[in-house]
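Let's take a friendly first look at a protein model together. Have the sequence and the 3D view ready, and follow along.

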Amino acid sequence: MPTLNEWFEKGIPVQDFVDSMNVHKENLQSIYNRFQVSEADQAFFEELKAKELRAIVITEDWCGDAMMNEPILMRIAEASNIEIRMVLRDSNLELMDQYLTNGTARSIPIFIFIDKNGEEKAVWGPRAPKVQEFVTELRSVLPPKEDERFEAEQKEVFKKITQAFTEDEKLWNEVYSSLKETLAKA
């Protein structure tokens, strides 16, 4: 079993990952270009710099949650000198299965924050709590999976979620706050 340091070394640098994206590249870049960390958080970022953290991000290009969460992490990382490496979930299930959501789901993205020695300091993902509430509410109107309408209605819900993730700054700020809360404990 590789160590977290080995997973980090094996990971893909952020720009290489973004350059290789096919599904959500434009949306991820759009969020990145529009989202800024708060100037008021400068002291927080200075404290983070002192922790010398690095981040392993378990992700895939097709994931809508990753599309929204990763540009926010990228901005935090820039402000606090956190180096990020992307690890593709589908070809690295050995790592993914150590970070299952609710012990069963291979939900992504998962952000694993490690120190310079490769010790895990914090884990975040796949969603900020308020974002989870938003998604749960949208999905609550879906008919049962056996229903013939399920597939079509689920596609509509996914469209609404993707649109909200791409445009709703309130959701971005929920991710930002949730990540800051996690990193404060790292």
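Which helices do the buried residues of α3 pack against? They pack against α2 (14-20), α5 (64-80), α8 and α9 (169-184). This is a predicted model, where local features need pLDDT of at least 70, side-chain atom pairs count only at pLDDT 80 or more, and totals for chains, interfaces and linings use all residues. Residues are numbered from 1 along each chain as its sequence is written, and side-chain values use heavy atoms, with hydrogens and water left out.

**Helix α3**
- L28, I31 and Y32 are buried in helix α3 (residues 25-34); buried means under 20% relative accessible area, exposed over 50%, and partly exposed in between (1.4 Å probe, protein chains only).
- Seen down the axis of α3, the buried residues fall within an arc of 100°, so they line one face of the helix.
- The exposed residues E26 and N33 sit on the face of α3 turned away from its buried side.

**Helices α7 and α8**
- The axes of α7 (residues 129-139) and α8 (residues 150-167) come within 10 Å and cross at roughly 150°.
- α7 and α8 are therefore roughly antiparallel to each other (the term covers angles over 145 degrees).
- V131, F134, V135, L138 and R139 in α7 meet Q154, V157, F158, K160, I161, A164 and F165 in α8.

**Residue N81**
- N81 lies in the loop between α5 and β3 (83-88).
- N81 is exposed, with a relative accessible area of 56%.
- Leaving aside neighbours within four places in sequence, N81 is in contact (heavy atoms within 4.5 Å) with K49 and L53.

Note on methods: Axes fitted to C-alpha atoms, helices over the stretch in contact; angles between N-to-C directions. Helix = DSSP H or I, 4+ residues; strand = E, 2+ residues; numbered from the N terminus. Parallel < 35°, antiparallel > 145°, perpendicular 65-115°, else oblique. Arc of directions from axis to C-beta.
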